[in-house]
Protein chains: 2
Amino acid sequence: MPTPPASVRELVDRTLKGDRAALARAISWIENEAPDAAALQDACFTHSGRARRLGVTGPPGAGKSTLITCLVRLYRRRGETAAIVAVDPTSPFSGGALLGDRVRMGELAGDPGVFIRSMATRGSLGGLAVHTAQVCDVLDAAGFSRILIETVGVGQSELEVAQTAESTAVVLVPESGDGVQAMKAGLMEIGDLFVINKADREGAERGAHAVRSALELRARGDWDPPVLLTVASQGTGVEEVVEAFETHFANLEGRGGLERRRRLGLEQLLNQLLRDRLWGAFRAQVPAGQWAEVLDDLVERRLGPNQAAERLIARPVDAEAARSIRPEPARPRR
Amino acid sequence: MPTPPASVRELVDRTLKGDRAALARAISWIENEAPDAAALQDACFTHSGRARRLGVTGPPGAGKSTLITCLVRLYRRRGETAAIVAVDPTSPFSGGALLGDRVRMGELAGDPGVFIRSMATRGSLGGLAVHTAQVCDVLDAAGFSRILIETVGVGQSELEVAQTAESTAVVLVPESGDGVQAMKAGLMEIGDLFVINKADREGAERGAHAVRSALELRARGDWDPPVLLTVASQGTGVEEVVEAFETHFANLEGRGGLERRRRLGLEQLLNQLLRDRLWGAFRAQVPAGQWAEVLDDLVERRLGPNQAAERLIARPVDAEAARSIRPEPARPRR
């Protein structure tokens with residue numbers, strides 16, 4: 001492997017030693033696509049692969065952050081370290097906390113074995129999933145043994161982000177148990193375990209039953225997702241969630257599933273990096289005048305979108321440029 | 001422009017005449033990326049540009065579908081025709097309706113001046129925004145004068161989809177008025193008008209006030225988004241929403257804003273089409289053996305992701321292939 005520049009080597013060394021300031025800086029490099037971010041990421045990547053990546057997803061208000069706080073507390077008691085990556089823009093971890101959440105999270109924030117980071121969710125389409133995967137690699141390299149990724153399980157790109165996780169808990173409330181809705185949102189397919197949180201509310205058992213029924217419609221595989229009841233605000237039932245994650249990892253490892261998931265996740269990351277580079281190289285070689293001209297034809301409806309695309313792809317994309325280019329954002333902003 | 005094949009010409013002709021079966025088939029071609037979808041889309045596109053595209057977005061449960069039903073009813077009374085494109089997987093228009101919604105929607109479904117279509121929300125990242133834009137072009141070409149796009153305003157890609165609209169209403173309920181949360185989800189930036197629905201509930205005025213306060217933090221432009229109160233289930237306040245859309249369009253047209261938004265939307269579509277084609281051409285020219293080998297190096301952590309990408313980009317991307325290729329899905333599925 002080529003040697004990264006000294007500034008990168010130093011940041012990597014400090015990150016690998018668990019230096020929190022270095023870690024925060026490394027993550028910012030990735031989020032901002034800093035010039036040396038790729039070298040940094042590659043260097044960290046080769047030291048990663050030990051952490052378990054747990055997804056926690058579900059609709060806003062399901063209590064995902066409270067559950068994560070409980071899970072982290074339990075992992076810490078078991079001697080694990082934990083990083084929280086909040087991709088959910090409505091998460092208290094992202095700063096939108098009510099006072100109560102802040103107080104509960106306070107204890108985590110003071111613990112050197114815990115690291116909390118929220119991801120900026122604006123930016124180019126696709127960028128979010130790539131950044132999340134890369135940030136997890138850096139946290140993994142920094143030695144955190146559990147990485148909890150919080151996503152809001154409604155949108156399409158959030159489902160893509162959730163695929164960064166090796167095992168995913170879908171968190172619902174009794175009322176959202178209505179299996180059909182969850183199924184439509186793709187949550188039924190993504191969940192390795194299901195949690196009905198706020199189970200002290202009416203209808204929890206009925207909600208769990210609806211989820212179980214919906215799961216029966218899913219193609220049967222090597223794993224039957226359990227449906228658990230919790231009241232995360234009181235810590236009730238959370239130990240069982242930790243156990244369910246452990247059991248699922250044991251199941252995955254026993255049949256080569258963990259390796260398959262990791263391979264698929266890496267292929268996904270590789271695809272996206274390649275797409276960004278090809279696009280950057282292509283965009284750099286289209287003369288500005290030609291771009292504007294074709295866009296005019298499109299706006300005036302003299303050309304269809306596919307015809308416009310064909311007109312712009314007039315020459316081969318330069319491989320040297322694609323190898324060395326910094327990717328550009330996928331889309332213009334209003 | 002090159003002449004499309006006869007089968008495409010026939011489908012386009014029937015679609016332009018408003019034949020509903022043809023329209024449904026044309027939309028399916030686009031969603032399934034059928035072999036002649038590009039020719040079809042280009043042919044329809046050159047006949048589009050007359051419809052107004054209205055976005056209706058907001059969290060699940062805000063009453064977007066009920067509001068859309070009311071809006072369509074009012075537009076019909078004004079002599080307009082209307083198409084509804086439901087991108088929200090939890091929308092009753094997508095089939096997840098409670099009985100009450102179905103009954104209310106029944107009258108729309110029987111009206112020849114109304115067309116309802118829900119979009120499949122699984123598939124490649126980016127595909128959804130492209131498909132939605134293309135489907136709107138086809139509906140526009142088919143003569144619908146108002147196109148209402150329903151999205152759930154939480155996820156990243158949904159915000160991208162929402163940018164297909166020329167004017168967007170953000171629908172909230174009194175309790176979600178809490179400006180900070182909405183702001184974080186990017187809703188404050190995307191809204192041209194704001195609707196506090198279910199305003200017969202407690203706290204509607206307070207919710208409206210919170211939204212107005214949050215809007216004051218937004219950079220002031222040429223348009224101050226109004227905040228309206230509705231009870232869509234009773235039809236209360238909906239006339240004012242129609243008027244607000246009209247006023248916003250008049251404002252946009254008066255300062256060239258509509259043209260700017262359309263241009264940006266088309267540029268976004270063009271970018272995504274180009275990215276898909278470049279990727280398809282590239283992927284087709286990498287030998288399967290080399291791909292697997294580099295992926296092995298990545299999985300074994302002998303290479304970092306960026307190094308792996310650089311190794312695969314070994315030759316220029318063939319322009320002829322990129323022009324003619326059918327795009328492949330962006331990402332593998334688990």
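Tutor: Buried means under 20% relative accessible area, exposed over 50% and partly exposed in between, with a 1.4 Å probe and protein chains only. Helices (H or I, at least four residues) and strands (E, at least two) are DSSP runs numbered from the N terminus. The model is predicted: local features need pLDDT of at least 70, side-chain atom pairs count only at pLDDT 80 or more, and totals for chains, interfaces and linings use all residues. Residues are numbered from 1 along each chain as its sequence is written, chains are lettered from A and ligands numbered from 1 in the order in which they are written, and side-chain values use heavy atoms, with hydrogens and water left out.

Student: Which residues of helix H1 (residues 6-16) of chain A are buried?

Tutor: Val8(A), Leu11(A), Val12(A) and Thr15(A) are buried in H1(A). They lie on the same side of H1(A), because they cover an arc of only 100° around the axis. The arc is that of the directions from the helix axis to the C-beta atoms.

Student: What do the buried residues of H1(A) pack against?

Tutor: Their partners in chain A are helix H2 (20-31), helix H3 (37-45) and helix H6 (127-141). Contact means heavy atoms within 4.5 Å. After H1(A) comes Gly18(A), with a positive phi near 85°.

Student: Why does Lys64(B) count as buried?

Tutor: Lys64(B) has 4% relative accessibility, so it counts as buried. Its place is in helix H4 (residues 64-77) of chain B. Leaving aside neighbours within four places in sequence, Lys64(B) is in contact with residues including Asp88(B), Glu150(B) and Val171(B).

Student: Why is Gly237(B) called buried?

Tutor: The relative accessible area of Gly237(B) is 16%, therefore Gly237(B) is buried. Gly237(B) is found in the loop between strand E7 (227-229) and helix H11 (238-254) of chain B. Not counting residues up to four places away in sequence, Gly237(B) touches Leu229(B) and Thr230(B).

Student: How is the packing of two helices described?

Tutor: Two packed helices are described by the angle between their axes and the distance between the axes. Axes are lines fitted to C-alpha atoms, for helices over the stretch in contact, and angles run from 0 to 180 degrees between N-to-C directions.

Student: At what angle do the axes of H12(A) and H12(B) cross?

Tutor: The axes of helix H12 (residues 257-285) of chain A and helix H12 (residues 257-285) of chain B cross at roughly 115° and come within 9 Å. That makes H12(A) roughly perpendicular to H12(B). Angles under 35 degrees count as roughly parallel, over 145 as roughly antiparallel, 65 to 115 as roughly perpendicular and the rest as oblique.

Student: Which residue classes make the contact of H12(A) with H12(B)?

Tutor: That contact has 8 nonpolar, 4 polar and 8 charged residues. Ala, Val, Leu, Ile, Met, Phe, Trp, Tyr, Cys and Pro count as nonpolar, Asp, Glu, Lys and Arg as charged, and the others, Gly among them, as polar.

Student: What makes H12(A) roughly perpendicular to H13(B)?

Tutor: H12(A) and helix H13 (residues 288-299) of chain B pack at an angle of about 115°, with their axes 10 Å apart. That angle makes H12(A) roughly perpendicular to H13(B). Among the residues that meet are Leu266(A) and Leu270(A) in H12(A), and Trp291(B) and Leu295(B) in H13(B). The residues of this contact divide into 8 nonpolar, 1 polar and 3 charged.
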